[in-house]
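I am opening my notebook on this model.

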Amino acid sequence: MVPNQRFKQVFVLSTAMLSFISFWKAASVVLCDFGSSAYYAGGIAMKAFGPAFPWFILGVMLFSGLMLGVYTESCILFVRGGVYVVVREAMGKVMAKFSVSALVFDYALTGPISSVTAGLYLGGLLENIMPLLHINWHVPGRAFAVVFALIVTAYFWRENIRGVEESADNNLKIIGFVAVVAVLLLGWSGYTLYHRGFTLPPLAPVFTEEALGWTVHFPWLKAVGIIGIIMAFGHSILALSGLETLAQVYREIEDPKVRNLKKAVVSIFIFSVLFTGLLTFISALIIPSDLIAGKYAENLLSGLALELQGPYWGRLGMQVLVVLSGVLMLVGAVNTSFVGANGVLNRVAEDGILHDWFRHLHKKYGTTHRIVNIIAVIQVVIILVSGGDIFLLGEAYAFGVLASMSFNTASLIILRFRRRDEEREWMFPINLRYNNVYIPVGLMAVLAVLLSATGMNLFTKKVATIGGLAFTAVFYAIFHISEAMNEKKARLYAPDEDNEKLNLRREADIQTVVPELTKDRCVLVPVRNPNNLVHLAAVLETADDETTDIVVLSAKIAKGIQSGGETMSEEDREVFSAVVLLAEKYGKTVKPIFVFSNDPFFSMAQVAQAAGADEIVMGVSGSTGAEIQMERLAMAWGMLKKPDAPAKPVLARVVWEGRQMTYQLS
Amino acid sequence: MIKQSDGISLSAIISPENVVFISGSPSKEEAVLQLTEAMLPRVSGLIGRKALFDRVAEVEKLNQVLESGFYIPHAKFPELDGFHAVLGIIPEGFTDQTTGLKVRALILLLSPHKPAFFQRHLNMLSLLSQTFQPELIDKLAALKDPAAAAALITGK
């Protein structure tokens, strides 16, 4: 038999072996961030504008349905989206840099607000349990929360440096547990309300002087009527953090992508309204106002558990469940803040507006450790400065949430006009068709609400305005300077647009990769030209991800004897970047393999036979044509076929626009 | 899709009459020319001399020597109804300039240019490349008799 001496280095691209996830898992990833605000939003809003808070938290959660719709349209438009990509496409890089700077500010706050809240809930529980264990120790709530928050931050800093990804399975388990706790809490609350009766909370917000911010200097700006509603809405909008996570997770949603995205969005909405909106509302019906403002201000849902109708041990048990679910969810949100900020900054770096220094990969773990370190340091500083004061954190929060949501919505409106010919699988509702443009009336209404709240928050949330603007200015400056430095470098070297850091694994032989192919069927898709992937798209469109391994092979011609020192060029990386993008678009897993060989057909046949491929799908070659491609493959196939090989039928297909040629390899 | 056709066998195309031993160390083009000359009488009446030589020369530019050191110049003609082949054995061999591989056996294969025949054409190419492995080529190069060569290949 022909030996393998001409088959050289084998590289396996591991970043592209994305394991696509179900809509349940996608929803749970988002909810671990989005839903965690249930544990602190009510208390913070109560402190700001009094007993009317449940109406506004419920209103914000209903408004989240509209925002989820906005993000659904932007996700469908951009598989690898997020606010940076959407805003850059619609408004250019300057605005994109501004929006992403604001977003990073909120990611920097998500970690501290979540970890401190978890610490406060845990501290509150220990305060109740200690006497039962005859331990005479008063838990210093805020100090305990700070220590706990620092431990959690350190833990996730280490995990993110090591590149240990929290699996979506864990998120699903957490959300499952939280859902069970929520159902118990809702049921028991219903029983309590039935026994005790209830009075609906007042509708009119009553602002503290602190919550009015700079507006106290403008007497003509009365905090009543529509102005008051907008102010209260602005103070409650922090319950909406986590939408950017949806944009980040969309690339991982499995096929059929759009349908699954819609299912995920509906699940998120229902859960959020019931969990954050309804539970906060019920808390206000059951817990006396003075206790909400005092004893339970920092752990509202613990307060709900403890104020239910029933024996103390039962209520304490319910508090244990609430705290456990809260800690799990809030701690998950800390991780999301690391992953989210790291992801957003990497996306920005790919676009050349963050200096390569930031993207330096950890020698051992291959992670962008400098970005992770920066996020960790910022979060630690914020935790220490807050001193465990959740209201201070809440006061600072939501600047970036509102800014990124406003930019995202405005961008979608602009894109409706700029990319008017692009087919959209789904559009945010209420559109007026004029010529070939869908005028987005619905989006415009949402933007009006967002801009009102953004404008009002600038005046009322002083900490958020000062902190957010300062932080945004610093990050904007970093982006601006980085971009200038990268542009200078680009003039000296070749430009490197849309380049992503590929995580490559070098293997000595293709046989070592074969055990990773575990599905019933295997389709081999050779690729060469990033602009000619019609055949890969055809495979991705029809293949069943559950049962089919899709191996994408790129063979580079390398003449001469094996040296072992071959490396991938930028052109080769470009091919794989295009493959990864396409796989993400269809939500199907691919296994990209890159080999050095002196005959591409030889490597195709070798990989196909080693992998036990059922099908080889090629794109048409402009230089030779489909028939010659088939002939060469047939010869390479026969040459490598072992006499004792099983007579398994293997299809060879050449696919090009609107046509295909299919034969069987013998 | 065209299903795989049965009935592809080497004994149908290789017989002592169409095995040629080529002495010396010709270039690839010279070796192909010699096989084309040997092919001409087998397809006379179906394909003219010029058409045959022109077509073979044209497709020869697209053909490649296999990793095993075996070479299959092949062409398709609408006038044909079945395979025609001439096997060349070059004990001294020649070195292919493109790949650097040593070639000591090559077969000129003509096939019908008909869509329905293309699957059989592919099967024949696959069978030939599967059969002519370096071990067989070594043995063929050591022979001097076309009948012995044909018998070694077909097992008869």
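**Entry 1: the second largest cavity**

I sorted the residues lining the second largest cavity by class: 5 are nonpolar, 2 are polar and 2 are charged. I keep in mind that this is a predicted model. I noted a volume of about 70 Å³ for this second largest cavity.

Which residues line the second largest cavity? From chain A I listed Asp599(A), Phe601(A), Arg632(A), Met635(A) and Ala636(A). From chain B I listed Asn63(B), Gln64(B), Val65(B) and Leu66(B). Both chains therefore take part in this lining, given that a lining residue has an atom within 4 Å of a cavity point.

**Entry 2: the largest cavity**

I counted cavities next. The rule gives 8 cavities of 30 Å³ or more. The largest has a volume of about 130 Å³.

I looked up what lies around its centre. The lining of the largest cavity has 15 residues, and the closest to the centre are Leu103(A), Ser241(A), Gly242(A), Glu244(A) and Val401(A). Three elements of chain A give two or more residues each to this lining: α5 (93-132), α10 (243-249) and α17 (399-418). I noted that α5(A) has the largest share, with 4 residues.

How does the lining of the largest cavity divide by class? I wrote down 8 nonpolar, 4 polar and 3 charged residues.

**Entry 3: where chain B meets chain A**

I turned to the interface. Here 28 residues of chain B are in contact with 25 residues of chain A. Together the two chains bury about 2400 Å². Of that area, 55% is on carbon and sulfur atoms.

How many salt bridges does the rule find across this interface? I noted 2. I looked up a pair in detail: Glu631(A) forms a salt bridge with Lys76(B). Their closest N and O atoms are 2.7 Å apart. This pair counts because the cut-off is 4 Å.

I also searched for polar contacts. The rule finds 8 residue pairs across the interface, with both residues at pLDDT 80 or more.

Then I asked which elements of chain B supply at least two residues each to the side that touches chain A. I found β3 (74-77), α3 (118-131) and α4 (134-141). The largest share, 9 residues, comes from α3(B). By class, this side of chain B has 11 nonpolar, 14 polar and 3 charged residues.

Conventions:
Residues numbered from 1 in each chain as written. Chains lettered and ligands numbered in written order. Predicted model: local features only at pLDDT ≥ 70, side-chain atom pairs only at ≥ 80, totals over all residues. Heavy atoms only, no water. Contact = heavy atoms within 4.5 Å. Buried area = accessible area lost by both parts, 1.4 Å probe. Salt bridge = Lys/Arg side-chain N within 4 Å of Asp/Glu carboxyl O. Polar contact = N/O pair within 3.5 Å; in protein donor to acceptor, adjacent residues only side chain to side chain. Nonpolar A, V, L, I, M, F, W, Y, C, P; charged D, E, K, R; others polar. 1 Å grid on protein atoms, 1.4 Å probe; cavity = no way out; pocket = protein on both sides within 12 Å on 5 of 7 lines; lining within 4 Å. Points joined across faces, edges and corners; volume = space filled by probe spheres on them.
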